[in-house]
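Dear colleague,

I am passing on the structure we talked about, and I would be grateful if you could look through it with the notes below at hand.

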Amino acid sequence: MRRLISNPLMRSILVVAFALAMPHAFKSPYYIHLMTLALIWIVLAQGQNLTQGFVGYVSIAQAGFMGIGAYISTLLTINYGVSVWATLVIAPLLTGLMAILAGYPSLRVKGHYFSIVTLAYNMVIFIVLITFRALTGGEAGIPDVPRPSELTLFGHVFSFEGRSNLNYYALALSAAVLATIVCALILHSRAGRVMLAIRQNEDLAEAMGVITSRYKLFAFVMSSILAGLAGTLYAHYIGFLNPEPFGVDQSLNIILAVILGGSGTLTGPIVGAVSVTFLPEILRFADSFRLITYGLILVVATIFLPKGLVPLIASLWRWLRARQSIPSDNKPTSKA
């Protein structure tokens, strides 16, 4: 059993199987709704982790790119009749194209200056979504965003209508798994190793002849593509779209999700995304002090768990395995 758990592939299969079983264990539409949102947040957090965890550059524009993907998909489906299934590909790619235009000049600066530039990008995106009412509907938003059409696979018809639709949960789970696989492939590739080198010492990487700007731009664009995918899933799941979910505060929550779970790890964004989705709901018993309590928990976790929950759990697991492998005191044996 220990070898089974220590195998990364088997761990991944067990996690996916557990995620598939969750809606059947908690049949409440409310919890299915929260779990679907958590899966969309995992896509967002995995993208954020590419720049924040792998490269060491903190982007405060993830929610803005999420909004771009959401509005592109919504406008294509409502105004031009494009299928939602097509926009699940088109919207993230167009979001990535916009990220190239934004990332090329902004990645010429380093450290906190990059974060300030991306903060400005998010603010500009949010202002455009609010003020460009003829296209986005402004604060009034866009109602009746369509769900994906029925999908036929292996002779079975899957419908995506309904607030707590299990098929949409499976679609969001597929997107979360895809985002995690993409990040894992990047991490274990040559590009991933260079990105980690940039995080450790960018000046040294440049001195070794690495064109760091290419890899930083690659991470930024891939992060934005995943944000666009999350925005598309969110828009067609909620069914109503307005600029509120795409402000700077949402980008900060995404950053906190990565920090809370474990920056630079593959499982950290998953834990962090689930935590920031469910924690405010669990704290509803605190009534008017809910957000204060939530903020205090995040502050305490950030101060006392700077590496996140996943590295802490991994350290505890290694400590327990080391304790189990220590042989007990040898008992005296009688000589024949």
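This is a predicted model: local features need pLDDT of at least 70, side-chain atom pairs count only at pLDDT 80 or more; totals for chains, interfaces and linings use all residues.

Residues are numbered from 1 along each chain as its sequence is written, and side-chain values use heavy atoms, with hydrogens and water left out.

To begin with the threonines, T180 lies in helix 8, residues 166-187 (helices are DSSP runs of H or I with at least four residues, numbered from the N terminus). Because its relative accessibility is 19%, T180 counts as buried (buried means under 20% relative accessible area, exposed over 50% and partly exposed in between, with a 1.4 Å probe and protein chains only). When its neighbours within four places in sequence are left aside, T180 is in contact with I42, Q46, L266 and I270, where contact means heavy atoms within 4.5 Å.

T232 belongs to helix 11, residues 212-238, and it too counts as buried, with a relative accessibility of 0%. Not counting residues up to four places away in sequence, T232 touches G69, A70, S73, T87, L88, A91, P92 and Y168.

Turning to the rings, the model holds 9 aromatic pairs, by the rule that rings of Phe, Tyr and Trp (its six-membered ring) pair if their centres lie within 6.5 Å, with planes under 30 degrees apart counted as stacked, over 60 as edge-to-face and the rest as tilted. One of them joins Y71 and F246, whose ring centres are 6.2 Å apart and whose planes stand at 70°, so the pair is edge-to-face. This pair links distant parts of the chain, since Y71 is in helix 4 (residues 62-80) and F246 is in the loop between helix 11 and helix 12 (248-261), 175 residues apart; both Y71 and F246 are buried.

A further pair, Y168 with Y237, is tilted, at 5.2 Å centre to centre and 35° between the planes. Here helix 8, which holds Y168, is linked to helix 11, which holds Y237, across 69 residues, and both Y168 and Y237 are buried. The charged end of R147 sits over the ring of Y168, 4.9 Å from its centre (a charge sits over a ring if NZ of Lys or CZ of Arg is within 6 Å of the ring centre and within 35 degrees of the ring normal). Elsewhere, ring pairs link Y57, F65, F114 and F220 into a cluster.

Definitions and conventions: Helices (H or I, at least four residues) and strands (E, at least two) are DSSP runs, numbered from the N terminus.
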